[in-house]
Amino acid sequence: MGFPSSRYKRVKRMIRIMQSDGIRKNYTVNSSVTWFDDWFTIEQLDYRTFIISEPRFFLQNNSYLILGELSALLFDTGSGKRDLSGVVASLTDKPLMVLPSHAHSDHLGSILNFKRIALADLPINRKNTEGNIFKPSYLMYCDLPKRPKIPVYKWMDLNETIDLGNRSLEIIATPGHSLDSICLFDKQNKMLFTGDFLYEGNLIATLGGSVSSYLSSSQKLIEESQGDELLLPAHYTSQLEWDNLADLQQGLTSIIAGKTKGNRYTFSYKYPINDKISFITTMPKIKSAKKDKQLFLSQGL
Ligand SMILES: [Zn+2]
């Protein structure tokens, strides 16, 4: 698959990149978003970072292809409405590993079309794995009838950095949206890949989520960061300013303290964080903040 010729012509700037960079020759980039076909778009953040989006999917997924000198990592594998692997193959021929931000179905869409699937070495992921075959729990996979059987190529130790060759990524466990949520941090290039932990819109901590864990995780991310990083979320707008993370931390503190008023939202409550972000959760989760903290600690996160 390639670019439709009319769109191909419209691209103004062509960069011929050596095959040794791992980016296919004749791949055409410009500073804006380009359609790959009629489903996926590609945005090149820099010469080693690609945002593959699905603007026609109702959750508007963003998956991230992150290149180093030696290898590549794909963070999330899309909605599965279309196969993402062809898009990735058009962008790099470096050895590729995929890593999901968490095991909700909208992040595992094309995962079985990739060979090397890594998982964060979290107790919840180990618990759902038998004989190196990972099966997401029903709670995490409640919107699809069939759970995929995912062979685990590599368990990613949270204390280890992922070395892609002159580019390293840290995995940060960020429970809150789900128990297994992780963020990826490229500190050198000031990029924080936030998965579903932070995006523009309604953040969710309902089934399997936890408000107090969300707060602890936001504090952890703030401690790890310098305050000028770019946030790269898994849904909707693909780039957000760091200040949204600070707002989230303050907003959650206020929610837990009972200072922010929530409005009924289906079976939950919705709380404002800032003009871009709201937070949806169920009241009992807030009331059981202590219990959540115990769970959080018992997971060793
Ligand atoms: Zn999601």
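This is a predicted model: local features need pLDDT of at least 70, side-chain atom pairs count only at pLDDT 80 or more; totals for chains, interfaces and linings use all residues.

Biologist: What is the phi of Asp76 like?

Modeller: Positive, about 80 degrees, although Asp76 is not a glycine.

Biologist: And is Asp76 buried or exposed?

Modeller: Asp76 counts as buried, because it has 28 C-beta neighbours inside 10 Å and the cut-off for buried is 20 or more.

Biologist: OK, what about Tyr236, where is that?

Modeller: In the loop between β17 (230-233) and β18 (240-241). Tyr236 also has a positive phi, near 60 degrees, and is a residue other than glycine.

Biologist: How many other C-beta atoms lie within 10 Å of Tyr236?

Modeller: There are 17, so Tyr236 is partly exposed.

Biologist: Switching topic: which residues have the most contacts inside the largest nonpolar core?

Modeller: Leu65, Ile66, Leu73 and Cys183, in a core of 67 residues. In soluble globular proteins, nonpolar side chains tend to be buried together.

Biologist: Which residues is Leu73 in contact with, leaving aside neighbours within four places in sequence?

Modeller: Leu73 touches Ile66, Met97, Leu99, Ile162, Leu164 and Leu169.

Biologist: Last one, where's Gly208?

Modeller: Gly208 is in the loop between β16 (201-205) and α4 (211-224). With 20 C-beta neighbours inside 10 Å, Gly208 counts as buried. Gly176 is 32 residues away from Gly208 in sequence, and their C-alpha atoms are 8.2 Å apart in space.

How values were computed: Residues are numbered from 1 along each chain as its sequence is written. Helices (H or I, at least four residues) and strands (E, at least two) are DSSP runs, numbered from the N terminus. A residue is buried if 20 or more other C-beta atoms lie within 10 Å of its own, exposed if 12 or fewer, and partly exposed in between; C-beta atoms are placed from the backbone. A nonpolar core is a set of buried Ala, Val, Leu, Ile, Met, Phe, Trp, Tyr and Cys residues joined through C-beta atoms within 7 Å. Two residues are in contact if their C-beta atoms, placed from the backbone, lie within 7 Å.
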